[in-house]
Amino acid sequence: MKTFKWIVAALMVVVLAGITFGVIGCKEKESSQSQSQSGNKTVQYTCTMHPDVVQDKPGKCPKCGMDLVEKK
């Protein structure tokens, strides 16, 4: 019975550590993306269905009306 409690406790520690590192990793990724977006002044937007449509601001595709997404 003691070993069972130790196994459960160890699993809980591993799960909590995984969640913590996952949340920290997501926040770092978001902050690096926002820094790269603010430093890059030539952001272009395109339609996922019509890659030939490229604009410098978000909006709607003139061909199909879908939302334009940031070109990567």
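Which residue in β2 does Y45 stand opposite?

Guide: Happy to zoom in. This is a predicted model, where local features need pLDDT of at least 70, side-chain atom pairs count only at pLDDT 80 or more, and totals for chains, interfaces and linings use all residues. Residues are numbered from 1 along each chain as its sequence is written, and side-chain values use heavy atoms, with hydrogens and water left out.

Now to your residue: Y45 faces Q55 in β2. Strands here are DSSP runs of E, at least two residues long, numbered from the N terminus. Two bridges connect β1 with β2, and these strands run antiparallel. Two strands count as paired if DSSP finds at least two bridges between them.

Next, the charges. A salt bridge means a side-chain nitrogen of Lys or Arg within 4 Å of a carboxyl oxygen of Asp or Glu, and that rule gives two salt bridges. One joins D52 to K63, with the closest N and O atoms 2.6 Å apart. D52 lies in the loop between β1 (45-46) and β2 (54-55), while K63 lies in the loop between β2 and β3 (69-70), eleven residues apart. Both D52 and K63 are exposed, meaning over 50% relative accessible area with a 1.4 Å probe, protein chains only (buried is under 20%, partly exposed in between).

K60 also forms a salt bridge, with D67, the closest N and O atoms being 2.7 Å apart. K60 counts as exposed because its relative accessibility is 52%, whereas D67, at 48%, is partly exposed.

Key: Helices (H or I, at least four residues) and strands (E, at least two) are DSSP runs, numbered from the N terminus.
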